[in-house]
Amino acid sequence: MTTVRRAVLTLPAAPLGPDNPLPALRAPAGAGAHAVDARTLAELPRDMARGIGRAPLRSLLPAPVRDGYGRERTPADLDTIVIENDRLRVTVLPGLGGRVHSLHHKPTGRELLYRNPVLQPAAFALNGAWFSGGIEWNIGATGHTTLSCSPLHAATVRAPDGGPMLRLWEWERLRDLPFQVDLWLPEGSDFLYVGVRIRNPHERTVPAYWWSNIAVPEERRVLVPAEAAWHHGYERGLNRVPVPVTEEGADLSYPLNGAHAADFFYDLPEEQRRWIAALDADGSGLVQTSTDPLRGRKLFLWGTERGGRRWQEWLTEPGTPGYAEIQAGLARTQLEHLELAGGAEFSWLEAYGPLAADPAAALGDDWAAARAEVEGHLAAALPRTAVDAAYTAWREGAADAEPETVLAAGSGWGALEVLRGGHALPGTPFPESTLGRDQEPWRELLRTGVLPPPAKGAGPGAPLVAAPWRDMLETAPADPSTEYHLGIAQWHAGDRAQAVRSWERGLQRAEVRWPLLYCLAVADREEGHPERAAERFAEAFADHADRDAGEAVAAALGREGVAALLATGRAGPARELWARLPAEVRGRGAFRLLEIRILLAEGRPGEARAVFDEGFEVADLREGAEILGEVWAELTDELLPHAYEFRMRPS
């Protein structure tokens, strides 16, 4: 019989550390890596261009940036939930975005996924911390979800066949949407069933996004029922190319044939069954299929050039085999967002399981025959009609079922939104008991119309930016803390001039000035006033330092301040600010890089080169970042050392 139970997984792990205490007023730092240039956009099909241009993120608000992690790993016990029948054992990490860490096929003893042997956060999520491996559930906007390293609510529910089912759910804050992921193993099944639902409880239409990302060993052939794909690289283009052979003659159904990191969004015919598979040299591996609403399929490969290989090392342990990602999403490409009408939902069913095909056919040069071989075995193992029937049984008989045994708790933000909006969400309760310290001031605003100020000398709490909360802030008593939060909500709404006025009003009476000064500095920089921005960043750091308000704030403000001062040619003040940072902070990789830039600005290239030679690691280096290569090029024409090679574009 199928069972669902708690367990513990021990892995070498780098702690997540504290969130960045500064409000995330700017768009995601890696957004440019997923952009499309204007000329390419004009040449795309109209509906695709509309989806790409629909509601891009102007900021990460209200989510915080998660950059407090390092790269020192020690053994850690991770809470897991194990779903098991006589065929499969599925290991889920409810505290880390509900990631499926392992999909083990018991009859063959095979692991069907790429299972990372370590937990190493890296700056790939929209808001920072992310880790590689397994199956992840991406909701929100283009990129890895802000929930990548966050806890989800988890509980057992009755599956459509009456057995136990694991439900994961949360409130996604970028788009203000609740969602659920239901995982179950029918008795005797070789396939994990996953029912997904995204609901829009609001009256307004909301942009929606979903991609299920599946990590598989890169020494595989990726097969999909398509003859063309949209190729997206780090040159910001989007071009339709033949599958599996590119114009250069490389068969990129084998990820290791690609030189550079790239995305291939497959162009599946409308009537075609949705599936994607990754098979090894024996013709065996993983297949994923779904009901038709999950339209898109994708391959991401790292490439064989130096940058791609370095990223593979960065995300795990040296000597560990690499991985590729096969993915499935609501749109044709990962650059698009769909419209979800008020009161409506998107729902579908996915299935994951083993597939064994004749390697001579599945790995042969005849692409049509290879696809037919895989599709034939998939039809025999799990007919399309069975997937559709399983979806209907789940959606009509189980999706709204109330949780039975609670296994893990997520955040209290969903409870706050339900309390404010009175939303009815059968199957995904957000009880008031989950409200915590971050939600308490907002609960008080909702109850009394007054946002309580933070404790004396303390910094502000977590922001909220949705229109109903902004309306409440506008009518609340205008103390400095309320003006700070109102300005953030106005900034998020696109009313930047009014946001600046709110922050300036708050600053006039504020005892703790650094939060408001930081916001005004960002506004100055965004509006093209870098000198004034640098002055305000430095003033914010000084206000914080005089209060000794904590190392996390010191590091965040110091990093911003030094960079802003260097950008305006003020090496002396940058050096003075850097020197005021705690010694432990100055020793971190990001601050060693700032030290190099200060030394270059001071005309001391030899000492700057010595820092490179000594070695450092910028733990939160962003996907696609080229800063290390750019700074190295200011020092020398020598080849960038492998340890610093993270460039993902062709030279």
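Where is the place of Glu645? Glu645 sits in the segment after helix H19 (627-635). Helices here are DSSP runs of H or I with at least four residues, strands are runs of E with at least two, and both are numbered from the N terminus.

A word on the source. This is a predicted model: local features need pLDDT of at least 70, side-chain atom pairs count only at pLDDT 80 or more, and totals for chains, interfaces and linings use all residues. Residues are numbered from 1 along each chain as its sequence is written, and side-chain values use heavy atoms, with hydrogens and water left out.

Back to Glu645. Is Glu645 buried or exposed? Glu645 is buried, because its relative accessible area is 5%. Buried means under 20% relative accessible area, exposed means over 50%, and partly exposed is in between, with a 1.4 Å probe and protein chains only. Its side chain makes a polar contact of 2.7 Å with that of Arg647. A polar contact is a pair of N or O atoms within 3.5 Å; within protein, one must be able to donate a hydrogen and the other to accept it, and residues adjacent in sequence count only if both atoms are side-chain atoms. Setting aside neighbours within four places in sequence, Glu645 is in contact (heavy atoms within 4.5 Å) with Arg306, Gly307, Arg310 and Leu640.

Next, the sheet. It is open, with nine strands in the order S15-S19-S20-S24-S12-S11-S10-S9-S25, paired antiparallel. Two strands pair if DSSP finds at least two bridges between them. At the edges are strand S15 (221-223) and strand S25 (406-408), each pairing on one side only. On average, neighbouring strands of this sheet are turned by 20° against each other, direction ignored. Strand S9 (residues 153-158) is joined to S25 by two bridges, and the two run antiparallel. In that pair, Ala155 stands opposite Val406 in S25.

Two helices to look at here. Helix H5 (residues 367-381) packs on the sheet, touching S15, strand S19 (274-279), strand S20 (284-290) and strand S24 (345-356). The direction of H5 makes about 75° with that of S15. Axes are lines fitted to C-alpha atoms, for helices over the stretch in contact, and angles run from 0 to 180 degrees between N-to-C directions. Helix H6 (residues 384-397) also packs on the sheet, and the strands it touches include S20 and S24. The direction of H6 makes about 135° with that of S24.

Now the cores. A nonpolar core is a set of buried Ala, Val, Leu, Ile, Met, Phe, Trp, Tyr and Cys residues joined through side-chain atoms within 4.5 Å. Which residues touch the most other members of the largest core? Of its 84 residues, they are Trp137, Leu183, Trp210 and Tyr266. A second, separate core of 74 residues includes Ala261, Trp314, Ala534 and Val611.

Last, the backbone. A cis peptide bond joins Leu61 and Pro62, with omega about 5°. Pro62 is in the loop between helix H2 (46-53) and strand S2 (74-84). Ala55 lies in the loop between H2 and S2. Ala55 is not a glycine, yet its phi is positive, about 50°. Ala55 is partly exposed, at a relative accessible area of 32%. Another cis peptide bond joins Val243 and Pro244, with omega about 10°. Finally, Asp176 has a positive phi near 65°. Asp176 is in the loop between S10 and S11, and counts as buried at 10% relative accessibility.
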